[in-house]
Amino acid sequence: MAAASAMAEASSKMTDEEDQSIQEPKNANSTIVQKKTRGLRGSRRCHANRRRDSFGDSFAAYFPQVLKQVHQGLSLSPESVSVMDSMVHDILDRIATEAGRLARYAKRVTITSRDIQVAVRLLLPGKMGKFAEAQGTNAALRTSLCAIWQQRK
């Protein structure tokens with residue numbers, strides 16, 4: 001044990017040169033590089049936190065409302081709600097990833113509604129993709145029309 005503590009003390013001691021190199025940069029170029037690196041990390045961290053916040057929530061509150069529209073009087077067990085929530089998160093993540101790829105291929109930084117539409121058509125098979133695209137288009141139109149009506153008031 002004495003040998004292990006002696007090795008830990010030896011490795012934790014720094015020379016004066018190492019201490020100075022850690023405390024302040026030797027030339028101005030290294031500070032510029034550090035600032036650029038911090039800037040990139042900061043922007044990525046911000047987007048990562050946003051994604052985690054939006055996906056961290058559960059869609060469980062919406063399942064009973066949708067089920068009520070389709071089949072009155074039916075309910076979901078907690079296990080089925082968990083499965084449905086996982087499925088919705090998975091599909092949402094796949095659509096976002098594919099839309100991001102499409103935007104990157106077009107050399108754009110912004111994901112547009114067109115990217116989302118194409119991603120849905122690519123990911124969901126056949127009629128399901130067409131139906132999902134139509135429902136999404138209708139929802140987007142309703143939202144934009146409501147916003148216009150509220151501005152007129």
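Which residues does E98 touch, not counting residues up to four places away in sequence? That was my starting point today. I was working on a predicted model, so I kept that in mind throughout.

**Entry 1: E98.** I looked up the contacts and got A119, L122 and L123 for E98, with residues up to four places away in sequence left out. E98 is found in helix α5. Buried or exposed, I wondered about E98 next? E98 counts as buried, because its relative accessibility is 15% and the cut-off for buried is under 20%.

**Entry 2: the partner side.** I then turned the search around and asked for A119. Leaving out residues up to four places away in sequence, A119 touches I95, E98, A99 and L102. I noted the general rule here: residues three or four places apart on an α-helix point the same way, because there are 3.6 residues a turn.

**Entry 3: α5 as a whole.** I checked the span of α5. The helix has 28 residues and reaches 41 Å from its first C-alpha to its last, close to the 40 Å expected at 1.5 Å a residue. I listed its buried residues as well: V81, D85, H89, I95, E98, A99, G100, L102 and A103. After α5 comes K107, and I wrote down its phi as positive, near 60°.

**Entry 4: the surface of α5.** M84, M87 and I91 make a nonpolar surface patch of about 230 Å². I91 has its place in helix α5, which covers residues 78–105. Why is I91 not on the buried list, I asked myself? With a relative accessible area of 31%, I91 is partly exposed, and therefore falls outside the under 20% that buried requires.

**Entry 5: stepping back.** I finished with the totals for the chain. Of the 153 residues, 11% count as buried. The chain exposes about 13,200 Å², with carbon and sulfur atoms supplying 58% of it. For contacts between residues at least 6 apart in sequence, I noted that 33% join residues at least 24 apart.

How values were computed: Residues are numbered from 1 along each chain as its sequence is written. This is a predicted model: local features need pLDDT of at least 70, side-chain atom pairs count only at pLDDT 80 or more; totals for chains, interfaces and linings use all residues. Side-chain values use heavy atoms; hydrogens and water are left out. Patches are made of residues with over 30% relative accessible area and no salt bridge: like charges are joined within 9 Å, nonpolar side chains (Val, Leu, Ile, Met, Phe, Trp, Tyr) within 5 Å. Accessible areas come from the Shrake-Rupley method with a 1.4 Å probe; for residues, only the protein chains shown count as cover. A salt bridge is a side-chain nitrogen of Lys or Arg within 4 Å of a carboxyl oxygen of Asp or Glu. Helices (H or I, at least four residues) and strands (E, at least two) are DSSP runs, numbered from the N terminus. Buried means under 20% relative accessible area, exposed over 50%, partly exposed in between (1.4 Å probe, protein chains only). Contact means heavy atoms within 4.5 Å. The expected span of a helix is 1.5 Å times one less than its number of residues.
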